[in-house]
Amino acid sequence: MTLKLGTIGTNWITQMFVEAAHITGEYALSAVYSRHSDSGAAFADKFETEATVYTDLNEFFNSGIDVVYIASPNGLHFAQAAEALKAGVEVIVEKSAFDNTKQYEAIYTLMRENNVHVFEAARHIQQANFKAIAKKIGEMEHISGATFVYEKYSSRFDAYLAGENPNVLNREFSAGALADLGVYPLYAAIALFGMPKSSHYFATLLNNDTDGRGTAILRYADFDVTLIFGKGANSYLQSEILGYRDTIIIDNIAELEEAIYDDGQGSRTVISTPAPANPMVEEARLFAAIINEPVANEARYNELLLTSQRVNAVLTNLRKDAGVVFPSDPA
C-alpha cells in the first residue's frame with residue numbers, strides 16, 4: 001500500500017525525508033502542515049504532488065494521511081506525536097524524539113491504545129556502512145573501548161553570539177548539544193553495544209543554561225565509550241572502536257562515509273561502501289515495510305523501539321547528571 005505522507009516542518013531535513021520516501025516508492029506526499037500557509041505552499045511546490053497545505057493541526061491529522069513525519073523543534077514533538085496517535089496516524093519523529101522518560105511512557109501508552117507505530121528517525125543506524133561496522137565488531141576478539149565524535153558549528157551560533165536566543169540553542173525548546181547532536185553518537189553506541197551500566201555527562205553551558213558542547217561517558221562491564229559533541233565549534237576528529245591491537249576507524253559517526261579496519265599488524269581494509277546520496281532512504285523503506293506488514297516485521301520493530309527507549313532513558317539521565325533542565329521535566 002502506498003502510504004499517504006504528511007509532514008510537519010519545512011526545513012532541509014524534511015525535504016530530504018520526503019525525497020527519500022519518494023525514492024522508495026512506498027509513500028506519496030499528501031499533506032503539509034505549517035504555521036504559515038505561504039511557507040507550507042512553498043515547501044509543497046518543491047515536489048510534483050497535489051499535497052494540501054494545512055495551518056490547523058487537527059484538520060491536518062484528520063485529512064486521511066497514514067503516516068506523519070515530524071521535524072519541528074524538539075520541544076513540540078511530544079504534543080504533536082500524541083495528537084497524531086490519537087487520530088490513528090503512524091508517527092515518524094526526528095531525534096531526539098521526546099524530552100524524557102515520562103513523555104516516552106505516555107507516548108508508548110497512546111501507541112498501544114491506538115494500535116499504531118512510533119519510529120524515531122535515527123537514519124545512520126540503518127545505513128549499510130553502520131551495519132558493516134556492527135558486523136566487524138562481531139568478528140573482533142575483544143572490545144577495549146570507543147570514542148565517537150560529532151561536533152560542528154551550528155548555522156545559528158552566530159545569532160547566539162550576537163545576543164539572540166535561537167530555538168536550536170535554547171533549552172526552552174528542548175534543544176542543545178546533547179539533544180541535537182549528541183543523540184547521533186549515543187544512538188550509535190547503544191545500537192552497537194546495548195544499554196550502558198551507567199552514564200555521565202560533563203556539559204559546557206551557554207549563558208542561557210543550554211549545553212553548547214559536552215563529553216559523555218558510557219560505562220559498560222568491560223569498557224567505556226566516550227561521546228564528544230557540540231554546536232559551537234568544528235571538530236575533524238575521527239571516531240574509533242578499539243580492540244586489542246585492532247581498531248575500526250570511522251570518518252564521522254553520523255555521516256558514515258568511510259570506515260576502515262586496521263588489524264594492528266600493518267594491514268588496513270576499507271569495510272565501507274560509497275555512502276548513498278540520500279542517507280534517509282533505508283530508514284524510510286524499513287518504516288514502510290513495518291507499517292504495511294506489521295506481523296512479519298514485528299521483531300524488527302520491537303528492536304527499533306527498544307533501542308529508541310534506551311536512548312531516551314540515557315539522554316534523560318545524562319541531562320540530569322549535568323543539571324540541564326527542560327520545561328517538561330518532572331519537578
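Author: The radius of gyration is taken over C-alpha atoms, and the globule rule is 2.2 Å times the number of residues to the power 0.38. The model discussed here is predicted.

Reader: How do you know that the radius of gyration of the protein chain agrees with that of a compact globule?

Author: For 331 residues the rule gives a radius near 20 Å, and the protein chain has 20 Å, so the two agree. Along the principal axes, the C-alpha atoms fill a box of roughly 60 × 45 × 35 Å. The chain contains ten helices and 14 strands, and 53% of its residues count as buried. Carbon and sulfur atoms hold 47% of an accessible surface of about 14900 Å².

Reader: What share of the contacts joins residues at least 24 apart in sequence?

Author: Among contacts between residues at least 6 apart in sequence, that share is 66%.

Reader: Why is helix α5 called roughly antiparallel to α10?

Author: Helix α5 (residues 101–114) and helix α10 (residues 298–322) pack at an angle of about 155 degrees. Angles over 145 degrees count as roughly antiparallel, and α5 is therefore described in that way relative to α10. The axes of the two helices are 9 Å apart.

Reader: What makes up the contact of α5 with α10?

Author: From α5 come Thr101, Tyr104, Tyr108, Met111 and Arg112. Their partners in α10 are Tyr301, Asn302, Leu305, Ser308, Gln309, Asn312, Ala313 and Thr316. By class, the residues of this contact divide into six nonpolar, six polar and one charged.

Reader: Why is alanine 162 called exposed?

Author: The cut-off for an exposed residue is over 50% relative accessible area; alanine 162 has 60%, so it is exposed. This residue is placed in the loop between α7 (157–161) and α8 (177–193). Between the C-alpha atoms of alanine 162 and threonine 24 there are 42 Å, with 138 residues separating the two along the chain.

Reader: Why does serine 39 count as partly exposed?

Author: Buried means under 20% and exposed over 50%, with partly exposed in between. Serine 39 has 26% relative accessibility and therefore counts as partly exposed. Serine 39 belongs to helix α2 (residues 37–44). Leaving aside residues up to four places away in sequence, serine 39 touches Thr10 and Ser34. The C-alpha atoms of serine 39 and threonine 10 are 7.4 Å apart, although 29 residues separate the two in sequence.

Reader: What makes the backbone at asparagine 115 and leucine 256 worth noting?

Author: Most residues other than glycine have a negative phi. Asparagine 115 has a positive phi near 55 degrees, and leucine 256 likewise has a positive phi of about 55 degrees without being a glycine.

Reader: Where do asparagine 115 and leucine 256 lie, and is each buried or exposed?

Author: Asparagine 115 is in the loop between α5 and β6 (118–121). Its relative accessible area of 68% is over the 50% cut-off, so asparagine 115 is exposed. Leucine 256 lies in the loop between β12 (247–250) and β13 (259–262). With 1%, under the 20% cut-off, leucine 256 is therefore buried.

Reader: What kind of peptide bond joins lysine 95 and serine 96?

Author: Most peptide bonds are trans. The bond between lysine 95 and serine 96 is cis, with omega about -10 degrees. Serine 96 is found in the loop between β5 (90–94) and α5.

Key: Residues are numbered from 1 along each chain as its sequence is written. This is a predicted model: local features need pLDDT of at least 70, side-chain atom pairs count only at pLDDT 80 or more; totals for chains, interfaces and linings use all residues. Side-chain values use heavy atoms; hydrogens and water are left out. Axes are lines fitted to C-alpha atoms, for helices over the stretch in contact, and angles run from 0 to 180 degrees between N-to-C directions. Helices (H or I, at least four residues) and strands (E, at least two) are DSSP runs, numbered from the N terminus. Angles under 35 degrees count as roughly parallel, over 145 as roughly antiparallel, 65 to 115 as roughly perpendicular and the rest as oblique. Contact means heavy atoms within 4.5 Å. Ala, Val, Leu, Ile, Met, Phe, Trp, Tyr, Cys and Pro count as nonpolar, Asp, Glu, Lys and Arg as charged, and the others, Gly among them, as polar. Buried means under 20% relative accessible area, exposed over 50%, partly exposed in between (1.4 Å probe, protein chains only). Accessible areas come from the Shrake-Rupley method with a 1.4 Å probe; for residues, only the protein chains shown count as cover.
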